[in-house]
Amino acid sequence: MSKPKKWTKPEIKKQLEERGMTLTGLAEMNGLNPNTFRAVWSRTVRPAERALANFLGAKVEELFPDRYPIRKTRILDSAKYPSLESQNSNAAVDKLVAA
């Protein structure tokens, strides 16, 4: 059982199966709700991600590279998200339309 170069959902499931484990079993071993544990494929569930990584002997960053490193700030690209006009800039126009 060698570690794959890239971890994918089918590869993770295959490794679990080869080791005689299921997601439900792993959830119960770690005291987590199995339904929450299964949500690890579609959203971030840090305890489930950590449990999977520990069981497979891999780093969490290897299993879920798109979720790590954890970003604390969000700086938006100004080319992609242009700044919005001030709400006060159209104040005179709004007063005329409202009248």
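1. Where is Leu 26 found? Leu 26 sits in helix α2. Helices here are DSSP runs of H or I with at least four residues, strands are E runs of at least two, and both are numbered from the N terminus. At 1% relative accessibility, Leu 26 counts as buried. Buried means under 20% relative accessible area, exposed means over 50%, and partly exposed lies in between (1.4 Å probe, protein chains only).

2. A word on the basis of these values. The model is predicted: local features need pLDDT of at least 70, side-chain atom pairs count only at pLDDT 80 or more, and totals for chains, interfaces and linings use all residues. Residues are numbered from 1 along each chain as its sequence is written, and side-chain values use heavy atoms, with hydrogens and water left out.

3. Overall make-up. The protein has six helices and zero strands. Along the sequence the pattern reads α-α-α-α-α-α. Of the 99 residues in the protein, 27% are buried. The accessible surface is about 7,800 Å², and carbon and sulfur atoms account for 52% of that surface. Areas come from the Shrake-Rupley method with a 1.4 Å probe; for residues, only the protein chains shown count as cover.

4. Contacts along the chain. A contact means heavy atoms within 4.5 Å. Take the contacts between residues at least 6 apart in sequence: 39% of them join residues at least 24 apart.

5. The pair α1 and α4. Two packed helices are described by the angle between their axes and the distance between the axes. Helix α1 covers residues 9-18 and helix α4 covers residues 46-56; their axes come within 11 Å and cross at roughly 55°. Axes are lines fitted to C-alpha atoms, for helices over the stretch in contact, and angles run from 0 to 180 degrees between N-to-C directions. The two helices are therefore oblique to each other. On this scale, angles under 35 degrees are roughly parallel, over 145 roughly antiparallel, 65 to 115 roughly perpendicular, and the rest oblique.

6. Handedness and contact residues. The crossing of α1 past α4 is left-handed. That is, the near helix is turned anticlockwise from the far one by less than a right angle; clockwise would be right-handed. On the α1 side, Ile 12, Gln 15 and Leu 16 make the contact, and on the α4 side, Leu 52, Phe 55 and Leu 56 do. By class, the contact holds five nonpolar, one polar and no charged residues.

7. What is buried in α4? Ala 48, Glu 49, Ala 51, Leu 52, Ala 53 and Leu 56 are. Their cover includes α1, α2 (23-29), α3 (34-38) and α5 (60-63). After α4 comes Gly 57, with a positive phi near 70°.

8. Glu 49 deserves a look. This residue lies in α4 and is buried, with a relative accessible area of 0%. Leaving out residues up to four places away in sequence, Glu 49 touches Val 40, Arg 43, Thr 44, Val 60, Phe 64, Arg 67 and Tyr 68.

9. Back to Leu 26. Beyond residues up to four places away in sequence, Leu 26 touches Leu 16, Met 21, Phe 37, Ala 51, Leu 52 and Phe 55. The C-alpha atoms of Leu 26 and Leu 52 are separated by 7.7 Å, and the two residues are 26 apart along the chain.

10. Trp 41. This residue is in the loop between α3 and α4. Trp 41 is partly exposed, at a relative accessible area of 22%. Apart from neighbours within four places in sequence, Trp 41 contacts Lys 9, Ile 12, Lys 13, Leu 23 and Arg 67. From Trp 41 to Thr 8 the C-alpha separation is 10.0 Å, across 33 residues of chain.

11. Lys 6. This residue is in the segment before α1. At 66% relative accessibility, Lys 6 counts as exposed. Lys 6 and Leu 63 are 57 residues apart in sequence and 7.9 Å apart in space, C-alpha to C-alpha.

Technical notes. Ala, Val, Leu, Ile, Met, Phe, Trp, Tyr, Cys and Pro count as nonpolar, Asp, Glu, Lys and Arg as charged, and the others, Gly among them, as polar.
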